[in-house]
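Please look over the sequence and the fold that follow before reading on. The paragraphs after them lead through the structure step by step.

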Amino acid sequence: AIAMILFKIEKFEEGAKVLGELPPDCKHPEVIVARAASLYKQALRAPESETMDNALGFHRRAIDDAPADDRHRLVVPYVELILEKVGPRDAGKERALLDSAVRLAKIEIDRRPECPSLYFFLYRIYKLMGKENLAIHYQDLHAKKKDEYDKKEHYDDLGRPRCR
């Protein structure tokens with residue numbers, strides 16, 4: 001929790017230091033999410049580097065290992081990283097990565113249909129892929145879900161934000 005607070009206030013080095021004090025094989029979901037957040041921040045600083053690939057790999061493994069209730073907190077930054085890495089010029093050669101993002105987003109939509117960001121991600125991905133009809137469909141769904149979400153409770157039964 002301390003590392004996540006430090007990341008939120010943009011004290012990345014201090015947050016990474018806190019994480020460094022934890023055992024490297026720690027599998028606690030909060031630690032995994034914090035490590036993913038650290039890699040996310042590093043990758044955004046260098047989107048065309050090995051750092052981005054390392055962050056994507058970590059997120060992908062973490063998603064596979066995470067309990068279902070915690071996957072959303074990993075899928076959202078994973079898809080954001082993919083969208084940061086893959087631009088219009090790269091969409092063709094990164095098709096497998098985009099397909100992976102679509103699959104994961106749709107799984108999370110089934111689990112959390114109220115989260116508008118997932119629909120927006122699918123809009124952006126389908127736009128990159130040149131699938132205009134699907135892009136428009138998900139753009140419309142995003143607008144609808146955002147309006148609905150703005151009028152509803154934003155926290156789950158455990159007090160965590162429903163959609164991050």
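Predicted model: local features only at pLDDT ≥ 70, side-chain atom pairs only at ≥ 80, totals over all residues.

Which residues have the most contacts inside the largest nonpolar core? They are Tyr78, Val79, Ile82, Leu98 and Ile125, in a core that has 43 residues. A nonpolar core here is a set of buried Ala, Val, Leu, Ile, Met, Phe, Trp, Tyr and Cys residues joined through side-chain atoms within 4.5 Å, and a residue is called buried under 20% relative accessible area, exposed over 50% and partly exposed in between, as found with a 1.4 Å probe on protein chains only.

Residues are numbered from 1 along each chain as its sequence is written, and side-chain values use heavy atoms, with hydrogens and water left out. The chain averages a pLDDT of 87, with 99% of the residues scoring at least 70, where pLDDT is the predictor's confidence in each residue, from 0 to 100. Among the elements of the chain, the highest mean pLDDT, 95, belongs to helix 7 (residues 116–129), and the lowest, 77, to helix 1 (residues 2–8); helices (H or I, at least four residues) and strands (E, at least two) are DSSP runs, numbered from the N terminus.

The largest share, nine residues, comes from helix 7. In soluble globular proteins, nonpolar side chains tend to be buried together. Leaving aside its neighbours within four places in sequence, isoleucine 125 is in contact (heavy atoms within 4.5 Å) with Val79, Leu83, Leu98, Ala101 and Val102. There is also a second, separate core of six residues, and Ala3, Phe7, Phe12 and Ala37 are among them.

Helix 4 has 16 residues and reaches 23 Å from its first C-alpha to its last, close to the 22 Å expected at 1.5 Å a residue, the expected span being 1.5 Å times one less than the number of residues. Its buried residues are Met52, Ala55, Leu56, Phe58, His59, Ala62 and Ile63. Seen down the axis of helix 4, these fall within an arc of 165°, so they line one face of the helix, the arc being that of the directions from the helix axis to the C-beta atoms. The buried residues of helix 4 pack against helix 3, helix 5 and helix 6, while the face turned away from the buried side carries the exposed residues Glu50, Arg61 and Asp65. From helix 6, where leucine 104 lies, this residue is in contact with Arg60, Ile63, Val75 and Tyr78, leaving aside its neighbours within four places in sequence.

Helix 8 has buried residues too, namely Ala135, Tyr138, His142, Lys145 and Tyr149. Seen down the axis of helix 8, they fall within an arc of 95°, so they line one face of the helix, and they pack against helix 6 and helix 7. One of them, lysine 145, is buried with a relative accessible area of 16% and is in contact with Pro113, Glu114, Pro116 and Tyr119, apart from its neighbours within four places in sequence.

Lastly, the structure holds three aromatic pairs; rings of Phe, Tyr and Trp (its six-membered ring) pair if their centres lie within 6.5 Å, and planes under 30 degrees apart count as stacked, over 60 as edge-to-face and the rest as tilted. Tyrosine 126 and tyrosine 138 form a stacked pair, 5.7 Å centre to centre with 25° between the planes. Tyrosine 126 lies in helix 7 and tyrosine 138 in helix 8, so the pair ties together parts that are 12 residues apart in sequence. Both tyrosine 126 and tyrosine 138 are buried, and ring pairs link Tyr119, Tyr126 and Tyr138 into a cluster.
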